[in-house]
Amino acid sequence: MAKTGAGTGRANLRRSTSRGTAIAADQVTDKVDNGSSHQAPDRSQLEQIIAGLTEGVMLVEPDQTITYANEAALEMHGVTTLDELGRTVDEYRKNFVLRHQSSHLLDHGRYPIDRVVAGEAFDDVLVVVAHKSNQDRDRTHRIRSLVITDHAGDPDCLVLIVHDVSGQTEAEHRFERAFAANPAPATICRITDLRFVKVNEGFLELTGYKREDVLGRSVYEIDVLERAERRSLALERLRAGETIPQMEACLTVPSDPGGRQVVVAGQPIEVGEEPCMLFTFADLEPRRKAETALRQSEERFAKAFRLAPVPTTITTADDHRFIEVNEAFTRVLGYQAQDVVGYPADDIGLWVDDEERRHFETELAKAGSVRDFEACLRVKGGGIINCLISAETITLSDRTCVLCSFLDITARRRSEEELVKAIEAVMADASWFSRGVVEKLAALRHPPRPGQSPAQVAASVADLTPREREVLTLVCQGKSDPEIGTELKLARNTVRNHIASLYQKLGVNRRSALVVWARERGIGSEGVAAKLPKTRKKRCRKTGSSSAE
């Protein structure tokens with residue numbers, strides 16, 4: 001019986017302890033087997049063996065006396081001496097507070113040291129240990145027990161073997177928090193039975209499942225690899241606990257009867273020393289919607305481009321090579337797509353004036369767009385047309401391009417030239433027209449020029465007094481101030497005042513500008529001046545005076 005009891009103790013010892021602790025206990029048990037029934041085991045030899053172990057070891061006598069704790073055990077409890085640890089089980093209880101990882105306090109009778117004293121054998125009990133004097137500084141211990149029996153099979157030495165797993169536990173807590181807070185959908189299944197053990201909010205939001213619908217179910221019940229591109233490979237890797245590469249799949253989920261397009265991947269991990277597979281998912285629904293919207297937008301753009309009534313082209317922004325031309329471009333300029341696509345505009349001789357082309361390209365590069373740039377273009381066959389060119393920088397298939405439209409104004413330009421010639425012919429003898437008609441013809445013939453002041457643009461003959469018109473006419477005839485004064489019987493200073501008033505009204509500051517303004521409106525020696533004497537006489541009959549002052 002003694003041999004059998006000792007053998008059982010030895011078997012339990014070897015099964016439950018690390019190599020160093022097992023060797024030490026074997027030696028103590030051998031001494032029990034070989035010695036007499038009244039000979040106590042040699043604790044000093046056991047203490048010497050376990051002193052240098054990295055595992056914490058505590059020796060407790062059946063009478064609840066703590067006889068020894070190695071340095072590792074003391075350090076794991078945050079103390080340096082056995083007195084601080086506690087010489088008895090009762091002192092140990094008074095010195096330390098133990099709780100579950102769920103923060104519930106352990107009753108004294110459920111402390112691991114109480115359980116081993118009661119003769120209970122247990123493996124891998126996780127407890128959080130804190131000294132009563134500093135309960136904020138706690139440590140997580142994984143504890144297992146060992147009962148060494150004597151030759152009669154009675155408990156001879158009680159052993160607690162302690163591992164400090166605080167770092168591992170904290171890492172697991174960090175992983176739990178990160179896993180739960182991660183917005184990317186994820187779930188974890190155990191490889192041994194392929195059942196889901198964890199699921200985060202991202203997966204529940206993606207699929208519409210509830211947490212209880214997922215946990216405990218297998219990958220065959222909630223098939224996260226459904227309709228996967230390489231389903232056979234994925235299942236093979238899952239069973240082997242190997243990495244599953246990214247692949248597209250379509251999940252059947254309550255929130256979408258048509259299925260949910262995702263990219264799924266699997267990564268083997270350990271959760272509580274249990275081999276598991278972490279599945280992560282990327283929702284393809286937003287990308288699919290964006291791709292559909294982009295495709296529809298591109299289709300609309302292509303139709304609008306092709307059916308645009310004005311010639312339109314797309315060219316590269318860097319070297320201005322043609323990428324595409326529409327039907328109106330072919331109709332107006334005569335070039336087919338194969339004639340221009342792939343070539344820059346200067347290679348096909350589209351621009352008549354290279355200086356104009358360079359100026360256009362410079363303005364486009366500087367501002368990113370150009371509006372109503374007037375230029376002459378060469379049509380296929382050698383003809384020339386006048387165009388207003390507008391261009392805008394766009395992005396097409398991740399490439400910077402230029403959308404360019406050409407408005408043919410050749411007919412309009414020809415009509416304007418013919419109108420100007422007609423006006424010039426009419427204004428050769430403006431005496432048959434009223435001043436209002438003459439001014440309108442002059443405005444058509446000479447539209448406002450860049451740099452003209454608002455006064456110059458708005459001024460008309462009707463704004464002038466009769467005397468100012470007379471002075472203006474004589475100025476156009478080349479008369480000096482004294483000559484004008486003599487002819488109109490005015491003082492020299494009066495003539496100067498009239499000319500200054502003309503400057504102000506017409507927005508000019510020199511005599512030559514007065515002459516140009518007047519001649520543009522048909523005022524000169526053959527027009528108004530020829531009728532001045534009659535006008536003056538007629539006016540004199542009405543007023544009874546020979547002076548217009």
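**Entry 1: Aromatic rings**

I take two rings of Phe, Tyr or Trp as a pair if their centres lie within 6.5 Å. The model I am reading is a predicted one. With that cut-off, I searched the whole structure and found nine aromatic pairs. I then looked up phenylalanine 322 and phenylalanine 329: their ring centres are 6.1 Å apart and their planes stand at 50 degrees, so I record the pair as tilted. Both phenylalanine 322 and phenylalanine 329 are buried.

I next followed phenylalanine 329 to phenylalanine 406. These two rings also form a tilted pair, at 6.0 Å centre to centre and with 55 degrees between the planes. Which elements hold the two residues of this pair? Phenylalanine 329 belongs to helix 13 (residues 327–333) and phenylalanine 406 to strand 16, so the pair ties together parts that are 77 residues apart in sequence. I noted that phenylalanine 329 and phenylalanine 406 are both buried. Taken together, ring pairs join Phe322, Phe329, Tyr335 and Phe406 in a cluster.

I also looked for a charge over a ring. The charged end of arginine 115 sits over the ring of phenylalanine 122, at 4.5 Å from the ring centre.

**Entry 2: Cavities**

I counted three cavities of 30 Å³ or more. The largest cavity holds about 150 Å³ of space. Its lining consists of 14 residues, and those closest to its centre are Thr315, His320, Trp351, Phe360 and Cys404. Which elements give two or more residues to this lining? I listed strand 12 (312–316), helix 16 (354–367) and strand 16 (399–408). Helix 16 contributes the most, with four residues. By type, I sorted the lining of the largest cavity into nine nonpolar, three polar and two charged residues.

I returned to His320, one of the residues closest to the centre of the largest cavity. Histidine 320 lies in the loop between strand 12 and strand 13 (322–325). Is histidine 320 buried or exposed? Its relative accessibility is 15%, under the 20% limit, so histidine 320 counts as buried. I also read its backbone: phi is positive, about 55 degrees, although the residue is not a glycine. I marked this value because most residues other than glycine have a negative phi.

I turned to strand 7 (residues 186–190) and strand 8 (residues 195–199), which pair in the antiparallel sense over four bridges. For isoleucine 188, I found the bridge partner in strand 8 to be lysine 198.

Leucine 194 is in the loop between strand 7 and strand 8. Its phi is near 60 degrees, a positive value in a residue other than glycine. I then checked its accessibility: leucine 194 has a relative accessible area of 9% and is buried.

**Entry 3: Serine 480**

My last entry concerns serine 480, in the loop between helix 20 (466–476) and helix 21 (481–488). How exposed is serine 480? Its relative accessible area is 31%, and I therefore record serine 480 as partly exposed. I also looked up its distance to valine 495, 15 residues apart from it along the chain: the C-alpha atoms of serine 480 and valine 495 are separated by 9.7 Å.

Technical notes:
Residues numbered from 1 in each chain as written. Predicted model: local features only at pLDDT ≥ 70, side-chain atom pairs only at ≥ 80, totals over all residues. Heavy atoms only, no water. Pairing = 2+ DSSP bridges. 1 Å grid on protein atoms, 1.4 Å probe; cavity = no way out; pocket = protein on both sides within 12 Å on 5 of 7 lines; lining within 4 Å. Points joined across faces, edges and corners; volume = space filled by probe spheres on them. Nonpolar A, V, L, I, M, F, W, Y, C, P; charged D, E, K, R; others polar. Phe/Tyr/Trp six-rings, centres within 6.5 Å; stacked < 30°, edge-to-face > 60°. Buried < 20%, exposed > 50% of the residue type's maximum accessible area, 1.4 Å probe, protein only. Lys NZ or Arg CZ within 6 Å of the ring centre and 35° of its normal.
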